[in-house]
Amino acid sequence: MKLTTLLTSAAMVLGLASGAMAQDKTKVGFIYVGPIGDGGYTYQHDQGRLAVEKHFGDKVETVYQESVPEGADAERAITQMALNGADLIFTTSFGFMDPTVAVAKKFPNVKFEHATGFKRADNLATYSARFYEGRTVMGTIAGRMTKTNKIGYIGAYPIPEVIRGINATYLAAKKVNPDVEFNIIWAYTWFDPAKEADAAKALLEQGADVILQHTDSTAPSAAAEKAGNVITFGQASDMAEYKPRPRVSSIIDNWAPYYIERVQKVMDGTWESGDYWGGIGSGMVEIGEITGLPEDVTKEAEAIRDQIASGALHPFAGPINKQDGTPWLAEGETASDADLLSMNFYVEGIKGEVPQ
Amino acid sequence: MIVLEKRPQPSRFWSYATPVAAVLATMVFGGLLFAALGKNPAVAIGTIFWDPLFGEFAFYYRPQILVKGAPLVLIAIGLSLGFRAGIWNIGAEGQYIMGAIAGAGVGLAFYPLEAWYIFPLMVLGGALGGWAWAMIPAVLKVRFGTNEILVSLMLVYVAEQLLASMSLGLMRNPEGHGFPGSRNLQQYESAHNGELIAGSGMHWGVAAAFIAVIFAYVLLNRHMLGFHIRLTGEAPRAARFAGVRPSRLILFCLGVSGALAGLAGLFEVAGPAGQITIDFNIGYGFTAIIVAFLGRLHPVGILLAGGLMALTYIGGEIAQGNLGLPAAAIQVFQGMLLFFLLALDILTNYRIRPRKSEVA
């Protein structure tokens, strides 16, 4: 019904106090959805945090909380950081959106940054990476390398970000191999090695010899290694321990430059809310070293990476039809960011339905 | 050498002293764990147990203990009735989900109408949702003699799938840009289970938890039905002679625990959580089983146990944030608490004696 007035007034007092303290040290908080040792998504965010510490030395203090459930508990975790005098808080998963909005309202003097969401305020910015650009490179490799023409894909949740990745991968794979088929399994978790391994095994049993994942652990690579003759890709992090095979390349999220830039802006007092979406070109998305593949496939994948970086190639360039056959993009058209952000359909050729 | 000797009567002293001893033992061994991780154990323990109650920001954390503890107590009270009679509802998590879905569904069906009767109807919907889900194992058990442990547990996973389906389909926020999750009920005045007194953390779920404790206490101590529940658990044969009808008891116990779990889900989704999302349930239904046993299946004990669990959750989060303790260390710490409680429980029924020297 009403926000707690007590909390608001206390927060304002504290906000002033933390503003005064900020002159010596800037306190930066991070809320993670998984454990920092997941070897994937959260690990990369934590690498960003460590880069901030390294870059600013004594001028900055960082705090983090890992494995925060997306829901009521997240609001408390974020509030706790704000109460303890954080000047800037990064909430690094989609499910933290409403909690971040709620806390940002109570702490007008604290700056917030929410990854992959769409709700903003004067003290709440959003940022994300164009992971789908990396998917185009992975899809090309997948299409070239599959012998069974069956590609397995482990999705976390059917949200636009993940669906975008599936579509980008499929379009790229189909371009080099018109016979590819996709089997998609939804894990309904970002990080659960047991579930991810089960999904990988199911896909292998269905005949897939390439497995892509949009979940955060290395379990699918471990399952593929056991099966032999299957290739996988690092997700969010390089997952280099599975080099040269089964992991043949990876999409790496490099958050460090963005985090350093934003912390600097808070120190300078020039921080402003906004929406930042970085891709291969800006370095926020990196393609991990390509290993264990034939020379020509490696060359082709690298060429695609460079074309995307330079803007010569767009992962979603028409003509593209939706799954039901209705036209989406005409010849010469490319998808707008608004379309990409709300994507909730498969492109033509993918079997199965987006879960409803 | 020492031996364990069974006491003729459970020790009254130890049944009260073991929880305290368990907490102390946890502090000692947890302290060692934190020291091994390179943190000052005194500071870490203090952060977990002291800061949420009396620390600098206690004005924020104290209400949060109520918010966190209320669903645990509400569910555990319902479970304890069945557990006392030997009726094992392990699927409270599923009933919690179904209560939330049903209750939120009622609220969302009225959106954007503002009216005083919406919230009471949601409460009814929540209780009915949980009750109906618990009736499945109950009826199957009464009618076909199936095992209620398995059926209720398996239905948790069915409920989780239904929750995912609701978040992605029927209940998805039409203004949510294609992202999963329902409208946020916190922004819908008539459906919001807000704080009754600003800053107190008291929402209807907390009130319901206290009421449930009182009702359960009266039921078990002053009412024939409560006597039947206890009798069935302690002496099933005697219960049959006393005219207890097992099938009615099964329907009652599973129904009540389902309805209470459903209520907990409704109060949570309409209050602290706000939305139906894929990850809405975070294990309250399972943790409540621990709370029920930690509280020795006694209503007042459950109230205290729920408070203690909530305290370690909140304190553990503070320790993570302030001291950089890993989340896993906090979970180990909570695990220790339960372990010592159960382990020291042996002192209630046994006494430790030095073994008399024997000839080899």
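At what angle do H4(B) and helix H8 (residues 204–222) of chain B pack, and how far apart are their axes? The tour returns to this pair below.

**Before selecting anything**

This is a predicted model, in which local features need pLDDT of at least 70, side-chain atom pairs count only at pLDDT 80 or more, and totals for chains, interfaces and linings use all residues. Residues are numbered from 1 along each chain as its sequence is written, and chains are lettered from A and ligands numbered from 1 in the order in which they are written.

**Stop 1: the helix pair H4(B) and H8(B)**

Select these two helices; helices are DSSP runs of H or I with at least four residues, strands are E runs of at least two, and both are numbered from the N terminus. H4(B) and H8(B) pack at an angle of about 30°, and their axes are 8 Å apart. Axes are lines fitted to C-alpha atoms, for helices over the stretch in contact, and angles run from 0 to 180 degrees between N-to-C directions. The two helices are therefore roughly parallel to each other; angles under 35 degrees count as roughly parallel, over 145 as roughly antiparallel, 65 to 115 as roughly perpendicular and the rest as oblique. Among the residues that make the contact are Leu66(B), Leu74(B) and Leu81(B) of H4(B), together with Val206(B), Ala212(B) and Ala216(B) of H8(B). Two residues are in contact if their C-beta atoms, placed from the backbone, lie within 7 Å. By class, this contact has 13 nonpolar, one polar and no charged residues. Here Ala, Val, Leu, Ile, Met, Phe, Trp, Tyr, Cys and Pro count as nonpolar, Asp, Glu, Lys and Arg as charged, and the others, Gly among them, as polar.

**Stop 2: from H8(B) to H9(B)**

Leu219(B), Leu220(B) and Asn221(B) of H8(B) meet Leu225(B), Gly226(B), Ile229(B) and Arg230(B) of H9(B). These residues divide into four nonpolar, two polar and one charged.

**Stop 3: helix H12(B)**

Next, select residues 284–294 of chain B, helix H12, where eight of 11 residues are buried. A residue is buried if 20 or more other C-beta atoms lie within 10 Å of its own, exposed if 12 or fewer, and partly exposed in between, with C-beta atoms placed from the backbone. The buried set includes Tyr284(B), Val291(B) and Phe293(B), and the buried residues pack against H4, H5, H11, H13 and H14 of chain B. Arg296(B), which follows H12(B), has a positive phi, near 55°.

**Stop 4**

Ile282(B) lies in the loop between H11 and H12 of chain B. With 18 C-beta neighbours inside 10 Å, Ile282(B) counts as partly exposed.

Now widen the selection: 36 residues of chain B are in contact with 38 residues of chain A. H13(B) gives the most to the chain B side, with five residues. That side divides into 16 nonpolar, 15 polar and five charged residues.

**Stop 5: the domains of chain A**

Finally, colour chain A by its domain assignment: domain 1 (5–129) and domain 2 (131–251 + 288–341). Such bounds come from an automatic or database assignment. The C-alpha centres of the two domains lie 31 Å apart. Thirteen residues of domain 1 are in contact with 13 residues of domain 2. Helix H2 (residues 41–56) of chain A gives the most to the domain 1 side, with four residues.
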